[in-house]
Amino acid sequence: MMHWVSLIAGGVILLAICLPKKKKGSSIQFLEEMNKTILIESMDTDQQAVNLSSLSSKTLKQRALHAWHNVHNQLGSLAFIKVGAFLVVVMALATYINQNFIRSSWLMVTLLFEVAAIIFGYFWLQKRAKNQFEESFPDALNMLASAVSAGESIMHAIMFVGRSLDGEVGKEFKLMGERLQLGESPDSVFRKSCQRFPYPSFQFFVITLRANMQRGGQLKEVISRLNRLMFDARAIEKKKFALTSEARTSAKIVAAIPFFFLFILKYLSPENYEFVMFAPQGKPILYYVLISEFIGITIVWSLMKGVK
């Protein structure tokens with residue numbers, strides 16, 4: 001019973017290493033520092049420019065609803081059919097692996113595969129959405145700064161960006177402009193947009209807009225500086241990924257070796273595979289390999305997490 005649990009646990013560890021790491025420390029620290037310097041009670045009052053807690057603080061139910069809403073938008077049309085087809089494919093893959101490699105409880109193996117697939121699919125969608133946002137948002141800032149420099153109001157500048165820019169960022173700016181044009185309060189519009197793009201750069205952009213609408217200021221200069229800061233942050237992030245690429249690749253290869261070896265062993269030497277996987281005398285070998293791999297991957301992962 002323990003051999004297939006160990007194999008699946010190793011697969012989950014490999015999946016966790018391959019998943020994108022959400023860097024939430026910097027954004028939370030930034031918002032917390034801002035909340036320390038600005039006393040805020042309500043975003044609807046004229047006494048304060050922004051309510052930072054409304055952009056980051058949500059209940060568990062709100063987070064779940066917002067996450068599902070974002071996933072539904074990312075999947076596009078026929079979202080439920082796509083999710084159902086994905087789960088059916090995962091179920092078929094789990095059945096094949098269970099029959100040929102694990103030979104254990106079909107329900108347990110399928111359930112573990114489904115949960116792992118849902119987690120992987122969710123983080124993959126979030127990573128793709130973030131990459132699309134980071135590619136389009138600088139263009140939106142440039143268009144917005146140009147429109148403001150030409151004398152347009154913030155509302156008309158946002159509408160101009162929505163009409164001119166394609167992609168999810170352009171659609172969101174178009175929705176923001178339409179909501180503002182219909183008379184919806186800026187606080188509600190910006191809050192909904194932050195739910196759609198819960199990224200530090202977009203939150204800071206919303207803070208800038210809200211403060212400018214309440215207090216005034218040189219919006220073009222602030223947006224230009226924000227764009228420059230985003231460019232520098234992306235450059236630093238790419239440099240960090242380049243410096244750690246060798247370690248990350250090594251960790252992924254080392255993590256995949258046991259599973260690749262067992263897969264090859266299944267077809268090249270079925271008797272040895274049966275001995276390692278199902279014979280009581282061979283199980284210590286399997287456990288030793290999985291535990292040593294887990295220790296090595298944990299060490300490499302901790303080293304990579306320590307890179308600032």
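Of the 308 residues of the protein chain, 35% count as buried, where buried means under 20% relative accessible area, exposed over 50% and partly exposed in between, with a 1.4 Å probe and protein chains only. The model is predicted, so local features need pLDDT of at least 70 and side-chain atom pairs count only at pLDDT 80 or more, while totals for chains, interfaces and linings use all residues. Residues are numbered from 1 along each chain as its sequence is written, and side-chain values use heavy atoms, with hydrogens and water left out.

View 1. The secondary structure comes to 13 helices and 0 strands, counted as DSSP runs numbered from the N terminus, with at least four residues (H or I) for a helix and at least two (E) for a strand. Among contacts between residues at least 6 apart in sequence, 64% join residues at least 24 apart, a contact being heavy atoms within 4.5 Å. The protein chain exposes about 18400 Å², and carbon and sulfur atoms supply 66% of this area, which comes from the Shrake-Rupley method with a 1.4 Å probe, only the protein chains shown counting as cover for residues.

**View 2. Two loop residues with a positive phi.** Most residues other than glycine have a negative phi. Leucine 78, although not a glycine, has a positive phi of about 60°; this residue lies in the loop between α4 (60-75) and α5 (79-102), and is exposed, with a relative accessible area of 57%. Arginine 103 also has a positive phi, near 60°, and is placed in the loop between α5 and α6 (106-149), where arginine 103 counts as partly exposed at 41% relative accessibility.

**View 3. Isoleucine 223 and its surroundings.** Isoleucine 223 lies in helix α11 (residues 219-268) and is buried, with a relative accessible area of 2%. When residues up to four places away in sequence are not counted, isoleucine 223 touches Leu141, Leu144 and Ala145. Isoleucine 223 and asparagine 142 are 81 residues apart in sequence, yet 8.0 Å apart in space, C-alpha to C-alpha.

View 4. The structure holds 18 aromatic pairs, in which rings of Phe, Tyr and Trp (its six-membered ring) have centres within 6.5 Å, and planes under 30 degrees apart count as stacked, over 60 as edge-to-face and the rest as tilted. One of them is the stacked pair of phenylalanine 133 and phenylalanine 137, with 4.8 Å centre to centre and 20° between the planes. Because phenylalanine 133 and phenylalanine 137 are 4 residues apart in helix α6, they are separated by about one helical turn, and both of these residues are buried. Phenylalanine 197 and phenylalanine 202 form an edge-to-face pair, with 5.5 Å centre to centre and 65° between the planes, and both are buried. One aromatic cluster is formed by Phe133, Phe137, Phe173, Phe197, Tyr199, Phe202 and Phe205.

**View 5. Helix α10 and its buried residues.** The 16 residues of helix α10 (residues 200-215) should span 22 Å at 1.5 Å a residue, and the end C-alpha atoms are 22 Å apart, which agrees; the expected span is 1.5 Å times one less than the number of residues. The buried residues in α10 include Ser201, Phe202, Gln203, Phe205, Val206 and Ile207, and among them are also Thr208, Leu209, Arg210, Asn212 and Gln214.
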